[in-house]
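Here is a short note to read beside the structure.

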Amino acid sequence: MSFELFSNLIGAFFTLCIFSFLYKDNPLYQMAEQLLVGLSVGYSLVLTYHRVFIPYVYQPIVIRHQFMLIIPFLIGVLYLTRLTRKLSWLSRYPIAFSVMGVGSSFALSLHTAILVQMRQAMVPLESINLTLIFIGTITVLLYFFFSKAHSGTYGKFVNVGKWYMMIGFGASFGLTVMARVSLLIGRIQFLVLDVLGLMK
Amino acid sequence: MKFFKRMQELDRRWIYIIIALAIVVPLMIPFDSDNLTTPSTENLYQMIDSFSGREDRAILMSFAHDASTMPELFPMEVAILRHCFERNIKVFTFSNSPLGAPIIDYAINTVKDEYPQIESGVHYCNFGYKPNMFAIVIGMGDNIATTMNVDAEGRKVETLPIMRGITNYTEMNLVVEFSGSVAGGTWIVYARPKFGLNVAVGVTAVMAADQYPYLQSGQLIGMLSGLKGAAEYEKLVDVFATNEQSFSSEKLSDPRIRDLIKITTQSVASFTQTEFTAFLNRYPQQKDLIEKYREEKDGIIQINWSQIPPQHTEQLGFFVMDELQRKANHIKYSFKTARVGMNAQSVAHIVMIVFIILGNLGYFVQKLSDKK
Amino acid sequence: MKKTIPMMIVMIGGLIWLFWAFSPHYIMQEDFLYKFYIPWSWAMIPPATILGIISLSMMHKAKIQRRAHKWQYSFFFFAGFITITLAGFLGGTQKGGLYMWMFENMQMPMSATMFALLAFYMASAAYKAFRARSPEATVLLLAAIIVMLAQVPIGTRISKYLPDISQWILDVPNLASKRGIMLGVGLGSIATSLKILLGIERSYLGGGD
């Protein structure tokens, strides 16, 4: 047995362990599930050490003597106070440091998700499709505007938004079915082709 | 009525078996099919293709996903890498997730096996896993080499030959992010407005519908959506890139391209007399061996590469075999994974729709009889 | 000290960041971003990772100690975690080592399969739950069926108009509804950002005093 085949068989075994859940919950699935979490965590720990701690903490401080970096590292260590009850408030400092980036995302998300999108929603209505998009955007927005009761002519107009959303959700749903099937196809391609070598 | 009632109570495990069979059978019995390309895929293809052969242009592929969405995203990555290697386009790769880094190696190795002339650091460069997405996205707008510092193999990025002519987003003008969750978020929010970077995404089909507002506004210049997007891109590479042609929508609607995109095994390479002489002249050492397998039909020379025994394929070498397979329009399995998958997808979708219809039929018939 | 100072850091830092988004001045781009913020944020990543690992380990340790439901499986968490960590630190992270081998042949197949399970549940739900109970649900199902058919090669054989109809659904009604929702969600998150910047929203600081 070649090493590649052995590796593939191991992969196939764990794939089947997970699939066994379809029949019913069983020890093999439980084992695989916990092993998966353990492996993912251990993998990230080692990679964080080699790719983050060494180049961005150890080397600058110990080799290049940038002692200022001890401060953020110690602030980072304050995350660990989360584990105690009395000192857990100290972990707010590193959290505050990462949350302050909200200032830039405030400005730039405003640009990306609101201004540019609004500009696109206000183009001249030169075609039927552009008109339909315009009506759809407005009615969907109004549908979520709850300060005015959805009744009378206004209610009927706003209701158009609901139909737009149903078509939109339908499209999302169709694509979601597709995505899940694709993932299964990928796994079966692995089992049938890579492991059993049934087609090339 | 009893039948419909029993149908409503069908055990879910039967459904599981049917859906599994709907996927296994078409995978094992491949057939030719055609995936129509959509504008969002064509736009991305054309943009990447316009960088062909240029020293001062490059693309960046950002692998923002782990193994859980690989079946959808991996064939896209392979197809784009193949496009770049085929058309001599500089390509960089990186991942901001530790779980994405091994997928980069896997993708590059899959394609590189078929392109032995492609070199790391010259034609492509893998930056590997780099944490802190925000710092990377903003930093590269100023200088790529200083931001990335070293590549995945530990070499200083600024000393690599690929960096000649490449400084920042002005040259590395396109990023394609593959993702199952964020879809180019950081790039669209920060790099697009601040540096004018072109952003495209390869997303799982689940997220595809949500990207249309960004596509229409031009914030995304292209999108590959799910396995279909991958299949479309694979097709475009086979139709244009491997034949050294640039994109044209006329050619795409020409029925003759069907010969170029067959996903079943194509074993006969056909040459005209002049083509064959040129072919032989390129490989003088293997000339006699090639002649051995030559057959002639109506003035056209044919070689069936699948009939060449393994000891001879080894003697002929990689390049001769590769050229024979290209001439036969044979596509290697790793370059048609998505399209083979789409066959299974066809059957599975039909089964799903039948399930929805049958389920509803049973429901309404039962409701009617309950009323009575 | 406990809440006010972290809040002040967020408010002042947030305003500097806001200024950064508009100002190309080198003090903002060079000194603030490259010399201060980026190296500092990098240095804070390793302890955050450690925190995650410790709390997960503590959870499993407690599970074993209390003999909680399915406690035996927690040993597999430690087995996987310890083996791959040792393999990584002792054997290195290069391809061909035990570390990468375990990742590629155990972690990757398992995590890929987790989501593949959903295809089966989807099929079961398609049969048992997706009912056209109301006009709205009927429209949703119809749109879904058209998109599903048009996505696959067989759809074009059924009708050559199908891909165009599906593309229209995605390009027009889908786009309009997603844009409407996006603007709504976007405005909501912008408002939250603003509340954080102004110190009105403090839930990120957690409970307690």
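Is Cys125(B) buried or exposed?

1. Cys125(B) is buried, at a relative accessible area of 0%. Buried means under 20%, exposed over 50%, partly exposed in between (1.4 Å probe, protein chains only). The model is predicted: local features need pLDDT of at least 70, side-chain atom pairs count only at pLDDT 80 or more, and totals for chains, interfaces and linings use all residues. Residues are numbered from 1 along each chain as written, chains are lettered from A and ligands numbered from 1 in written order, and side-chain values use heavy atoms, without hydrogens and water.

2. With a disulfide taken as two cysteine sulfur atoms within 2.5 Å, the count over all chains is zero. Cys84(B) is in none; its nearest cysteine sulfur, on Cys125(B), lies 13 Å away. Cys84(B) is also buried, at 1% relative accessible area.

3. In chain B, strand E5 (198-203) pairs with E6(B) in the parallel sense, over four bridges. Strands are DSSP runs (E, at least two residues), helices likewise (H or I, at least four), numbered from the N terminus; pairing takes at least two DSSP bridges. Val203(B) sits opposite Ser225(B) of E6(B). Strand E6 (222-225) of chain B is covered on both faces. Gly222(B) and Leu224(B) are buried on one side, Met223(B) and Ser225(B) on the other.

4. Which helix gives the largest share of the lining of the largest pocket? H7(A) does, with eight residues. The lining has 49 residues; Glu4(A), Asn8(A), Asp194(A), Tyr106(B) and Thr110(B) lie nearest the centre. A pocket is an open set of points on a 1 Å grid over the protein atoms alone, where a 1.4 Å probe fits, with protein on both sides within 12 Å along at least five of seven lines; lining residues have an atom within 4 Å of a point.
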